[in-house]
Amino acid sequence: MSYNEAVQLVPYLAAFGISSLVLISTWQRRRSPGALAFSIYLLGQSLWIAGFILELVSTSLSGKIFWDGQQWLVGLLYIIALPVFAIQFTEQKLTRPKPFFLGLLIVPILFIIL
């Protein structure tokens, strides 16, 4: 890896570090409303950034495709965690929570099957 390539990774490494620090801080406060769902969201974000960095560093096409696929799968955490976080943080009471959460799982399950 050349110097220029290494310098280009600095913003992504910084973003990974910041996301990881916020994840650790949020996890320590997981008893707060919405903190657990936000921690899961941040975990997905940190894993996505790590996959992106590894995709950039990978030298083979198969490695790049593998890490790109990992990013898509981790991105499914966003679809589930963000609405759950919003509901928990605002302390809204759902009239029928079970159908709502099952509905959230439809898109990720179909995506994994495909």
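Predicted model: local features only at pLDDT ≥ 70, side-chain atom pairs only at ≥ 80, totals over all residues.
How do the residues of the lining of the largest pocket divide into nonpolar, polar and charged? The count is 5 nonpolar, 2 polar and 1 charged.

## The largest pocket

The largest pocket holds about 180 Å³ of space. Its lining is made up of Met1, Glu5, Gln8, Leu9, Tyr12, Leu56, Val57 and Thr59.

Two elements give two or more residues to this lining: helix H1 (3-28) and helix H2 (35-57). H1 gives the most, with 4 residues.

## Overall fold

The protein has 4 helices and 0 strands. Along the sequence, the pattern reads α-α-α-α. The radius of gyration of the protein is 17 Å, well over the 13 Å that the globule rule gives for 114 residues, so the protein is more spread out than a compact globule.

The C-alpha trace spans about 55 × 35 × 15 Å along its principal axes.

## Packing of H3 and H4

Helix H3 covers residues 61-90, and helix H4 covers residues 97-113. The two pack at an angle of about 170 degrees. Their axes lie 10 Å apart. Angles over 145 degrees count as roughly antiparallel, so H3 is roughly antiparallel to H4.

Which residues meet between these helices? From H3 come Trp72, Leu73, Leu76, Ile79, Ile80, Pro83, Val84 and Ile87. From H4 come Phe100, Phe101, Leu104, Leu105, Val107, Pro108, Phe111 and Ile112. By class, the contact of H3 with H4 has 16 nonpolar residues, with no polar and no charged residues.

The lining of the largest pocket includes 2 polar residues and 1 charged residue. The contact of H3 with H4 has no polar and no charged residues.

Methods: Residues numbered from 1 in each chain as written. Heavy atoms only, no water. Axes fitted to C-alpha atoms, helices over the stretch in contact; angles between N-to-C directions. Parallel < 35°, antiparallel > 145°, perpendicular 65-115°, else oblique. Contact = heavy atoms within 4.5 Å. Nonpolar A, V, L, I, M, F, W, Y, C, P; charged D, E, K, R; others polar. 1 Å grid on protein atoms, 1.4 Å probe; cavity = no way out; pocket = protein on both sides within 12 Å on 5 of 7 lines; lining within 4 Å. Points joined across faces, edges and corners; volume = space filled by probe spheres on them. Rg over C-alpha atoms; globule rule 2.2 N^0.38 Å.
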